[in-house]
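These notebook entries record what I looked up in one structure.

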Amino acid sequence: MAELVLKNIGLAVTMNDAGDEPRDVDILLRNGEISEIGHGLSAAETLDCAGCLVTPGLVNTHHHLYQTLTRAVPGAQDAALFGWLQTLYPIWARFTPDHMRVSATIGLAELALTGCTTSSDHLYLYPNGARLDDTIEAAAEIGLRFHPTRGAMSIGVSDGGLPPDSLVEDEAAILDDCIRVIDTFHDPSPASMCRVGVAPCSPFSVSRELMRDAALLARDKGVMLHTHLAENDEDIAYSLEKFGCRPGQYAEDLGWTGDDVWHAHCVKLDGQEIDLFARSGTGVAHCPCSNCRLASGIAPVRAMRDAGVKVGLGVDGSASNDAGSLVDEARQTMLLQRVASGPSAMSAREALRIATRGGAEVLGRGDVLGQIAPGFRADLAIWDMTGVEAAGNWDMAALLLAGPRRVRDLFVEGRRVVAEGEITTLNLSTALEQQRRLAHELAEQV
């Protein structure tokens with residue numbers, strides 16, 4: 001639709017610099033953009049939002065969508081990161097393009113229903129003909145703004161790595177495919193629905209040379225860089241033993257710091273590394289539920305924020321969470337920082353800001369996403385605050401303390417992707433049936 005007015009909004013949390021939270025307000029959406037905020041606005045189509053909270057769409061800065069088909073796998077339920085990976089790699093090695101496409105569809109639908117309008121994805125294994133294209137097609141169908149990253153692994157078990165040799169790739173072929181997907185799909189425009197990144201899986205699954213060459217390629221192509229870093233104590237020990245330095249120093253030496261780089265987890269960054277990230281503009285994707293699930297620790301988000309590090313949120317893979325709710329990640333972020341540093345360490349509003357504006361800034365989209373303001377893209381989450389989950393709530397903006405965990409409506413680029421709690425862009429029942437069939441086939445082969 002070209003024009004739509006969201007009418008009678010109970011409260012709009014704008015996330016602008018002034019922290020404005022207007023009440024009983026209207027928002028005019030025109031051609032995928034927020035055109036005007038005020039009272040008495042009109043258009044040919046309207047949507048009544050009385051009793052609702054409206055926020056910017058949530059932004060997911062780290063995910064492995066393919067893992068949606070391998071939730072709660074018994075052998076991996078109680079393992080730390082490295083053991084968890086060794087259990088799941090043989091299962092993932094049997095994935096096909098259908099597995100990739102269906103898992104991405106289900107994972108993105110779950111994100112949409114929980115308020116997410118923009119999601120990154122880190123796909124680093126490509127068995128049996130799978131390609132990054134499979135997930136890009138799924139995102140285009142469901143209508144979420146997508147930041148797919150072309151991940152990779154090149155060091156298999158026979159060379160001292162963790163993944164099976166069947167899941168690693170030749171490094172020259174990896175770089176060639178990065179070029180292919182960037183040239184085919186990457187759109188750098190402000191309203192872009194698809195921006196491709198370059199993302200070797202981790203410093204312990206690719207060579208030093210690939211890390212360096214990936215950074216050079218990404219900068220030549222003008223795209224962003226992403227990887228896992230400093231996720232747990234094993235990660236730090238590996239870096240010290242193999243590279244003779246901490247992960248932050250390793251990243252800096254290979255060109256992996258800067259405002260075009262974001263790292264996932266960073267649970268074990270020390271003070272010097274936090275200062276490095278702040279100085280260089282390097283972003284962090286904080287994944288609190290996954291970090292708890294794998295017992296990796298509590299990331300020093302308070303210290304990062306205080307130092308000026310850009311921090312966004314990620315649900316991480318659905319096999320290590322095992323959910324894909326970004327609003328729950330925001331709540332968990334708030335709670336963990338309070339556990340670590342006291343009850344005033346993080347407010348509900350700050351955690352929501354990290355989930356919206358923070359994520360947009362990490363992905364390099366802070367100029368058009370993450371705020372409700374004229375000129376920003378029409379990516380909005382509408383939360384019905386009249387139901388049982390918000391009953392008795394005195395402060396709508398404290399959504400993370402008392403409020404629904406699913407949206408009533410979701411707009412992406414002005415398109416209504418969720419309406420009255422239902423996905424509008426695909427037949428979710430059909431997708432779930434496909435998911436059940438594929439997951440059952442995988443389980444039977446274990």
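**Entry 1: the second largest cavity**

I first listed the lining of the second largest cavity: Pro 56, Gly 57, Val 59, Thr 117, Thr 118, Val 368, Leu 369, Gly 370, Gln 371, Arg 377 and Asp 379. The model is a predicted one, in which local features need pLDDT of at least 70 and side-chain atom pairs count only at pLDDT 80 or more, while totals for chains, interfaces and linings use all residues. Residues are numbered from 1 along each chain as its sequence is written, and side-chain values use heavy atoms, with hydrogens and water left out.

On a 1 Å grid over the protein atoms alone, a cavity is a set of points where a 1.4 Å probe fits but cannot get out; a pocket is an open set with protein on both sides within 12 Å along at least five of seven lines; lining residues have an atom within 4 Å of a point. Grid points are joined across faces, edges and corners, and a volume is the space filled by probe spheres set on the points.

The second largest cavity holds about 60 Å³ of space. I sorted its lining into four nonpolar, five polar and two charged residues. In this sorting Ala, Val, Leu, Ile, Met, Phe, Trp, Tyr, Cys and Pro count as nonpolar, Asp, Glu, Lys and Arg as charged, and the others, Gly among them, as polar.

**Entry 2: the largest cavity**

How many cavities of 30 Å³ or more are there? I found three. The largest cavity has a volume of about 120 Å³. It is lined by 16 residues, and Leu 81, Trp 84, Leu 85, His 228 and Glu 231 are the closest to its centre. Helix H1 (residues 81–92) supplies the largest share of this lining, four residues; helices (H or I, at least four residues) and strands (E, at least two) are DSSP runs, numbered from the N terminus. By class, the lining of the largest cavity has eight nonpolar, six polar and two charged residues.

I next examined the largest pocket, with about 320 Å³ of space. Of its 18 lining residues, Thr 68, Leu 69, Thr 70, Arg 71 and Gln 435 lie nearest its centre. Helix H2 (97–113) and helix H13 (428–444) each give at least two residues to this lining, and H13 gives the most, with six. I recorded 12 nonpolar, three polar and three charged residues in the lining of the largest pocket.

The second largest pocket has a volume of about 160 Å³. His 186, Arg 195, Val 223, Met 224 and Leu 363 lie nearest its centre, out of 14 lining residues. Strand E8 (residues 145–152) gives the most to this lining, with three residues. Seven nonpolar residues, six polar and one charged make up the lining of the second largest pocket.

**Entry 3: His 226 and His 228**

I located His 226 in strand E10 (residues 225–229), and His 228 is found in strand E10 as well.

The side chains of His 226 and His 62 are joined by one of 2.9 Å, and the side chain of His 226 reaches the backbone oxygen of Trp 262 at 2.7 Å. The side chain of His 228 makes polar contacts with the side chains of His 62 (3.3 Å) and His 64 (3.1 Å).

**Entry 4: helix H2**

H2 has 17 residues and spans 25 Å from its first C-alpha to its last, close to the expected 24 Å; the expected span is 1.5 Å times one less than the number of residues. Why did I record H2 as largely enclosed by the rest of the structure? The reason is that 14 of its 17 residues are buried. Just after H2, Gly 115 takes a positive phi of about 95°.

How values were computed:
Polar contact = N/O pair within 3.5 Å; in protein donor to acceptor, adjacent residues only side chain to side chain. Buried < 20%, exposed > 50% of the residue type's maximum accessible area, 1.4 Å probe, protein only.
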